[in-house]
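Subject: Structure for you to look at

Hello,

Here is the structure I said I would pass on. Please open it first, and read my notes below with it on the screen.

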Amino acid sequence: MIASKKGEVSFSPEALKEKYRLEREKRLRADGNAQYRDFSGVYADFDKDPYVEPGFTRPALTEKLDVLIVGGGFGGMLAAVRLRQAGVDSFRIVEKAGDFGGTWYWNRYPGAACDVESYIYLPLLEETGYIPTEKYAKAPEIFAHCQRIGRHFDLYKAALFQTQVELMEWDENTRRWNITTSRGDKLAARFVITAGGILHKAKLPGIPGIETFKGHSFHTTRWDYAYTGGGPTGGMDRLADKRVGIIGTGATSVQAIPHLGAAAKQLYVFQRTPSGVGVRDNQPTDPEWVKTLKPGWQQERILNFTALVSGKPQDVDMVRDGWTYIFQDAELRRAKTPEEAAELRQLTDFRKMEEIRARVDTIVKDPVTAEALKPYYNQMCKRPCFHDEYLDTFNRPNVQLVDTDGKGVERITPNGVVVNGKEYEVDCLIYASGFELSSEYTRRMGFDIRGRGGKSLSDSWAEGAATLHGMHSRGYPNLLMFSLTQSGWAINFVSILNEQSQHAAYIIARCLKQGIETIEPTEQAQQQWWDVILGNLMKAASFGGVECTPGYFNNEGARPPPSAMRNAPFAGGTIEFIDILRDWRKADELAGLELTRGGTSSNP
Ligand code: NDP
C-alpha cells in the first residue's frame, strides 16, 4: 500500500492507484495475444515489399561457408562487421528485404525517426566517420547510415537480398548447418547467427469484419506512398481529398499522425490506450560540439546513457533528454529498505506521469479530447513517446480522436470503422497495430530450425526456452541467436546488439582458429543460466510487470504461463548483462560450452 505523503505531492497516490487499476481492468481480454492475426491469407499482399522492382531473379547458389548470418538489420550488419574485424571473411548475409537496414528498411512511414538519441543509437559512427545531422535522426538518414556501413565494411558482396531462409537443418556428418532459401540456394555453414530482429513480424487486430473493408488499407510497416503521395518526411498530397482512419496510438502512430493530420481531408484516430507523450526538443547537430569529440566518444556516451537509464547515477548526463529524465530519481537513494525503495519509485512514477498528463492539458484545447489522451499507467508499461507536434494535431479541425475507452474498435464494415455503435466512413484505413513480441521464436523468424536428430527448435522450446546467455541452445550446435529470449534488454537496443555481435565473433573466430568444429551448451550451463534469469525475474516482478496496462510488453496483461517466463529477457539490467558477457569472454575458457575438435576450418 502506498502511503500518501501530505504536503509533498499534489495528487492522491491511493486515488491514482485505483484509477490505474480500473483502466487496466477495462483493457484485459480473455483472448490476450490471440486477438491479433498475421499477414497470411487475405492479408498476404500487406507483406509485399513496396520498395523493390518486381521480377528480381538470380541464379541459385551452392556454397560452403564459415558463417551464415540471417538478417541484414543492425544485428546482422554488426555481426558481419565484428566477424570481419576478427578476421573471419567467409560469411553470407541472407535478408528478405532489397537492402540492408532491417527496421529502417521497412519502416518508412511519415515522421519515422529514432526515439533514442542518434549519437548513441546509430552504430559505428566513429568507425565510419559519420555524425548524424540531428539529435534524433529521421528514418531516411538512418537507412542511409545502414547503407554506409554496408559499403564501408564491404558487406554488399556478402549479401543475398530478397531471399528468405526456408529451412535450416544440422548435418551430423559434416557438422554443418544445411540451409535452403526461397531462391533455391543450398548453403552449408559451419556456424549460423540468427539476427532476425525483435519487432519485425507485424500484426493486425482481429477486429470482426476486417476482411470486408472495401477501401484502401495497409500496415504502417509497409507504407503505401503510391496511394498517399509524399514520403517519409511528409507531403502526402494525394490524401487531400481522402477520409483516413488510423487504428492504434503507439510509438509509430505518434510519429505518423502529425503528418496525416496535415495531409488528410479528414483524419480519425481510433484509440484504445493513449501513449504517454513527453517533450522531444529535437535539435540540429552543433558543429562546435562535434569539434570537441575525442576518440572513443561514442562508447563513452552509450555507457553514460545506459548507466543513467539503469538507475546508476553518473557525474554528468551527456544525453540529457526525456529518457534520462524518466530515470532520474535521486529520492530513491534515500530508501533504506527494498519496500521503501518500491514506494518511492512508485511515487516518482506517479509524479512524472502527472507531468505527462498536465502537458496534454496545456496543448489540447478541447477538454474531452484532452482527458481521453491522458495515459493512466506506470511510465514503463508502454514505450514512452516523445513528440512536439503530436498532441497539437488534435487541435486541427480535420482531426478527430475516436476514443474507444479501452475497448478497441468494435467492428469494421465495407465502408469504415464502428465504435460505440457509430460508423466512421473512411477511404483509407491504416493499421498502426504493432508487431509480435511474445509469439514463438521460430514463428517470428519465419522458418524452422532442426537441430541434432532433426528436432525442431519449436518442439524443443514448447515448454519454454533453454539457453546459455540467450545465445546457445543444447541440441543446436554452432547456432548463435540474437534475440530477447533469455538475453539482454536495453532502451537503446543497439547497445545489446553491439555486445552480442562482439560475443558471437569472439566465439566463432576462436573456434575457427583452434579447429573447434562444434560448440554446444551443457545441460548444467543452461540450468545455471535459467537460475540467473529466474532470480532476476523474481526481483523485477515487484514493480510494474503484471500490474501494467495490457500491451506487448506484458503478454497483453495475462499472467504469463511458465513457458513464457522461460522466454523472458534477462531482467537484471543492461549493464549487468553486458558485464556477464564481457567477463565470460575475458576468462577465455568458453565456459559452459561442450567442444568437439577435428578437421580444419572450411575454406570456401
Ligand atoms: P504498438 O504495439 O506500440 O501499438 C499498437 C497500437 O494498436 C496500440 O495503441 C494498441 O492499443 C492498438 N490496437 C491494437 N488493437 C486494437 C484494436 N482492436 N482497436 C484499437 N486499437 C488497437 O506498435 P507501434 O508500431 O506503435 O510500436 C511498436 C514498437 O516499435 C514501439 O514500442 C517501439 O519499441 C518501436 N518503435 C520505435 C520507434 C523509434 O523511434 N525508435 C518508433 C516507432 C516504433 P493498446 O495500447 O490498447 O494495445
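A polar contact is a pair of N or O atoms within 3.5 Å. With that cut-off in hand, one example at the ligand is Val-409, where a backbone N or O atom lies 3.1 Å from a nitrogen atom of the ligand. Please keep in mind that this is a predicted model.

The ligand

Asp-115 places a backbone N or O atom 3.0 Å from an oxygen atom of the ligand. Lys-382 uses its side chain instead: a polar atom there lies 2.8 Å from a ligand oxygen atom. How much of the ligand does the protein bury? Taken alone, the ligand exposes 920 Å², and the protein buries 90% of that. Around the ligand there are 26 residues, and those that come nearest are Ala-113, Thr-252, Thr-273, Lys-382 and Tyr-552.

The domains

The protein chain is divided into three parts: domain 1 (28-40 + 202-280 + 347-431), domain 2 (62-100 + 155-200 + 439-602) and domain 3 (288-334). The centres of domain 1 and domain 2, taken over C-alpha atoms, are 34 Å apart. Domain 1 gives 18 residues to the contact and domain 2 gives 15.

Between domain 1 and domain 2, about 1,300 Å² is buried, with 53% of that area coming from carbon and sulfur atoms. On the side of domain 1 that touches domain 2, six residues are nonpolar, five are polar and seven are charged. What is the count of salt bridges between domain 1 and domain 2? The count is zero. Polar contact, on the other hand, joins two residue pairs between domain 1 and domain 2.

Regards

How values were computed:
Residues numbered from 1 in each chain as written. Predicted model: local features only at pLDDT ≥ 70, side-chain atom pairs only at ≥ 80, totals over all residues. Heavy atoms only, no water. Domains from an automatic or database assignment. Contact = heavy atoms within 4.5 Å. Buried area = accessible area lost by both parts, 1.4 Å probe. Salt bridge = Lys/Arg side-chain N within 4 Å of Asp/Glu carboxyl O. Polar contact = N/O pair within 3.5 Å; in protein donor to acceptor, adjacent residues only side chain to side chain. Nonpolar A, V, L, I, M, F, W, Y, C, P; charged D, E, K, R; others polar. Near = heavy atom within 4 Å. Areas by Shrake-Rupley, 256 points an atom, 1.4 Å probe, with all protein chains shown as cover.
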